[in-house]
Amino acid sequence: MTNSPLRAADVLALRLYQAGCRHAFGMPGGEVLTLVDALEKAGIRFTLVKHENAGGFIAEAVHHRDGAPAILVATVGPGAMNGVNVVANAEQDRVPMIVLSGCVDADEALTYTHQILDHRAVFRPITKATFELTAAGAGIIADKAVAIATEPRCGPVHIDVPISVADAQVPADTPRPLRVPASPAAASGADAARAREALATASRPIAVVGLDVLQDGSHTVLRAFLEQFGIPFVTTYKAKGVLPEDHPLCLGGAGLSPLADTHLLPLIAKADLVLCIGYDPIEMRTGWRNAFDPARQTVIDIAAVPNTHYMHQASLNFVGHTGETLEMLAQGTPVGATWPDDEPAAARKALAGAFPDTDEWGPAGVIAETRAVMPDDTLATADSGAHRILLSQMWRCTEPRGLIQSSALCTMGCAIPMAMGLKIAEPDRPVVSFSGDAGFLMVAGELATAAELRLTPVFLVFVDASLALIELKQRQRQLANKGVDFARHDFAAMGRAFGGAGHTVRTRAELRTALQEALRCDTFSVIAAEIEPGGYDGRI
């Protein structure tokens, strides 16, 4: 950035750069050209995508690697509306995202109605805050947006930018305050004493670990705490890998699999102490409603925000930093033996049997073979559908955010753009996405973006020509097969048509060969794994 006078758009862009942002994604129109120029001048690369919704998911994946807020740019009217799904996803999946939309000036909108609608009214229910940029207040609005988006729990913030405001000169003496973040808090007093007493006397403690631990950076403290007190733990899908999943205390992920719940929920029911550590039940299916009973168990809730969800209730509620709270609990608390009958080990064994990696083919065989072939440091993304439920149980993570997905909103079409974002942020690491064929078709145009950016992820597609999860639910309700099946398509040919490699596989041996070739390829690869309908029956 030169010493020339700053525009309001420059002030906004510089604050985003200061927040660590180095990438923005979207599709420009005339209303956001100044914004794009300002982002580039500030050192934030703008990448053109084929659809704003996909651009938001690419931005989210970059955030999962660099920690900076995601940036989505959209022009007036239909451009902004194309981003509604991914913004709602960011709100439910707790993703800090800055949504920048262009708009016509207020005076212009009094008589000019073409493409004009109230962006802020649309985004208000699905964001933490929405602002209209002003020239004099650009610095304050920018700082508020970053602070609100990144503070617990994280989420999207929308800024509508009128054309003339983006270009307006900002006087050098205009205030641009930076607010000091609030310090993390930990509980004390009588409730803290009660919690330590419960921890000291528990013989069957269990922990349910969620996304707040990742946001707090409390992984090391969490590991030391669980190991010190011998506490087995379950994670939500978002928190997978917060401790390596081969850890002897780990019981794997939970959230959407009724099959996994048949082994996990009875174990939780046997616990005398349930520690909800950074647990946000927005990820969980209804089977986890009131999974803990404060009337007969001590339930300690440690979360970033108060409980307004009512998915469960607790004996003690601590609102604050997870790491600070765990350290408070551990101070001076004696350690005793836990789970004398070793029921957690039996549950681990039962889960391994429920999700075996020995299938010759089918969705479980595809997942098992991919995990066996791909390097240990592979980053993975999952689209919504039956395959995601199975994958989230079978795919072992050794690091936080080693597998990312839309866990709360469960939106289709996210895996391919997320894999692209991971590859942008971590170009030297292998990346694989898992999509159903319907989800792949929703975003197939982004293969062009992958080719243009010379990205090399592996896009793996489960091909069964059906909305498999919905078709399964349809059969379970004994309803006629309607609206869930579609034609089989040549996905490998689509990959080649967009400039990548393409493979169709029907056996584990063919998949192994295709994956090995994809790891050596200098383009992206589409691998279409053809499976039989009904392959998820009894498996999820």
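In this protein chain, residues 24 or more positions apart account for 76% of the contacts with a separation of 6 or more, where contact means heavy atoms within 4.5 Å. Before going further, a word on the source: this is a predicted model, in which local features need pLDDT of at least 70, side-chain atom pairs count only at pLDDT 80 or more, and totals for chains, interfaces and linings use all residues. Residues are numbered from 1 along each chain as its sequence is written, and side-chain values use heavy atoms, with hydrogens and water left out.

Now the overall picture. The chain holds 23 helices and 20 strands; these are DSSP runs numbered from the N terminus, helices being H or I of at least four residues and strands E of at least two. The C-alpha trace spans about 70 × 60 × 45 Å along its principal axes. The radius of gyration is 24 Å, which agrees with the value near 24 Å for a compact globule of 540 residues. That radius is taken over C-alpha atoms, and the globule rule is 2.2 Å times the number of residues to the power 0.38.

Of the 540 residues, 57% count as buried. Buried means under 20% relative accessible area, exposed over 50%, and partly exposed in between, with a 1.4 Å probe and protein chains only. The accessible surface comes to about 21,000 Å², and 53% of that belongs to carbon and sulfur atoms. As for charge, there are 45 positive and 60 negative side chains, and the centres of the two sets lie 3 Å apart. Lys and Arg count as positive, Asp and Glu as negative, while His and the chain ends are not counted.

Next, helix H1, residues 8-18. Eight of its 11 residues are buried, among them Asp10 and Arg15. Just after H1, Gly20 takes a positive phi of about 100°.

On to the strands. Which residues cover the two faces of strand S10? Phe233 and Thr235 lie on one side and Val234 and Thr236 on the other, and all are buried. S10 pairs with strand S9, residues 205-209, in the parallel sense over three bridges; two strands pair if DSSP finds at least two bridges between them. Here Val208 has Val234 of S10 as its bridge partner. Strand S11, residues 250-254, is also joined to S10 by three bridges and runs parallel, with Gly253 as the partner of Thr235.

Strand S17, residues 431-436, has six of six residues buried, so it is largely enclosed by the rest of the structure. Val431, Ser433 and Ser435 are on one side, with Val432, Phe434 and Gly436 on the other. S17 pairs in parallel with strand S15, residues 379-382, over four bridges, and Ala380 has Val432 as its partner. Five bridges join S17 to strand S18, residues 458-463, also in parallel. In S18, Leu460 is the bridge partner of Phe434.

Last, one residue. Leaving aside neighbours within four places in sequence, Phe491 is in contact with Asp437, Phe440, Leu441, Val461, Val463, Val526 and Ala528. The C-alpha atoms of Phe491 and Ala444 are separated by 9.4 Å, although these residues are 47 apart along the chain.

Notes. Accessible areas come from the Shrake-Rupley method with a 1.4 Å probe; for residues, only the protein chains shown count as cover. The place of a charge is taken as NZ of Lys, CZ of Arg, CG of Asp or CD of Glu.
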